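Here are my notes on the structure you sent. They are set out as numbered points, to be read with the model open.

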Amino acid sequence: PITSIRPLYEVGSSIIGSSAVSFRVRELRLLKLLALTKYGSQAASTRQRFFLYEPALSAAGITIVYSPFFDNDHLERLVAGRRASLLSAVRGYSRRLRAILSARHYDALWVHYEAFPYLPGMVELLATRTGKPIVVDYDDATFHTYASSPNWLVRRFLGRKLKPLLQRAARCCCGNAYLHDYAAEYCAQSMILPTIVDTDRY
């Protein structure tokens, strides 16, 4: 979904004595974020870490375009207890690569966890080649998927895969202090942004 927003304007005035004699109105350029979420709209993490902030971002003149790695079909398979589809993963990598190649049309990238799941950290750097500021978002200890994997090959080759992207991120938003402690090792501009509930809706 793409948020719908109204243009923002900056109003200035020139003052002579106590009277405002002129006003200037200048339309500001709207900002566009490309949100590279891991899951589609049915995932709780996508709703609580991204969709929840749409109204505030929209009011600030920021529009968001979402590009999930896994679509909702993938999540439905997992919830139903079925194995993940290899085809779903292939489609995810293809979709993610196309999204990154389109990054020139956006002002910044908002990355949920990682750009390319289960691929080495050097592949993550494709997102940094866009030249756009990157904001990484963590609401789960995803790094343990790799660093604490029972498979030694995963630990060996992917244990520190998140480091390269974090080192080049303009900001990392973390759901709690534990996640912040990890992210801050590589990204000095890390902050705690707790996962919250919109009390106006629930």
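1. In this predicted model, leucine 31 stands opposite isoleucine 62 of strand E4. The two strands concerned are E3, residues 31-36, and E4, and they pair in the parallel sense over five bridges.

2. Is E4 enclosed or open to the outside? Five of the five residues of E4 are buried, so the strand is largely enclosed by the rest of the structure. The burial holds for both faces: Ile62, Ile64 and Tyr66 lie on one side, Thr63 and Val65 on the other, and all are buried.

3. E3 and E4 belong to an open sheet of six strands, with parallel pairing and the order E4-E3-E5-E6-E7-E8. The edges are taken by E4 (62-66) and E8 (190-192); each has a single partner strand, so one side of each is left without a neighbour in the sheet. From one strand to the next, the twist averages 25°.

4. Next, the salt bridges. Side chains of opposite charge can pair when their charged atoms come close. How many salt bridges does a search of the whole structure find? The search gives four.

5. One of them joins the side chains of arginine 49 and aspartate 137, with an N to O distance of 2.9 Å. Arginine 49 lies in helix H1 (residues 44-49) and aspartate 137 in strand E6, so this pair ties together parts that are 88 residues apart in sequence. Buried means under 20% relative accessible area. Arginine 49 has 0%, so it counts as buried, and aspartate 137 is buried as well, at 1%.

6. Lysine 161 takes part in a salt bridge with glutamate 114, where the closest N and O atoms are 2.8 Å apart. The lysine lies in the loop between helix H7 (152-158) and helix H8 (163-167), and the glutamate in the loop between E5 and helix H5 (121-124), so parts that are 47 residues apart in sequence are tied together. Both lysine 161 and glutamate 114 are buried.

7. Lysine 161 also forms a salt bridge with glutamate 124, the closest N and O atoms being 3.1 Å apart. Glutamate 124 lies in helix H5 and lysine 161 in the loop between H7 and H8, so the pair ties together parts that are 37 residues apart in sequence. The relative accessible area is 0% for glutamate 124, which is therefore buried, and 2% for lysine 161, which is buried too. Through shared partners, salt bridges join Lys38, Glu114, Glu124 and Lys161 into one network.

8. Last, the pockets. Rolling a probe the size of a water molecule over the atoms shows where empty space is left. The largest pocket has a volume of about 170 Å³. Which strand gives the most to its lining? That is E5, with three residues. Strands E5 (108-112), E6 (134-138) and E7 (171-174) each supply at least two residues of the lining.

9. The residues lining the largest pocket divide into 10 nonpolar, no polar and two charged. Among them are Leu33, Ile62, Trp110, Asp137, Arg171 and Cys173.

Technical notes: Residues numbered from 1 in each chain as written. Predicted model: local features only at pLDDT ≥ 70, side-chain atom pairs only at ≥ 80, totals over all residues. Heavy atoms only, no water. 1 Å grid on protein atoms, 1.4 Å probe; cavity = no way out; pocket = protein on both sides within 12 Å on 5 of 7 lines; lining within 4 Å. Points joined across faces, edges and corners; volume = space filled by probe spheres on them. Helix = DSSP H or I, 4+ residues; strand = E, 2+ residues; numbered from the N terminus. Nonpolar A, V, L, I, M, F, W, Y, C, P; charged D, E, K, R; others polar. Pairing = 2+ DSSP bridges. Axes fitted to C-alpha atoms, helices over the stretch in contact; angles between N-to-C directions. Buried < 20%, exposed > 50% of the residue type's maximum accessible area, 1.4 Å probe, protein only.
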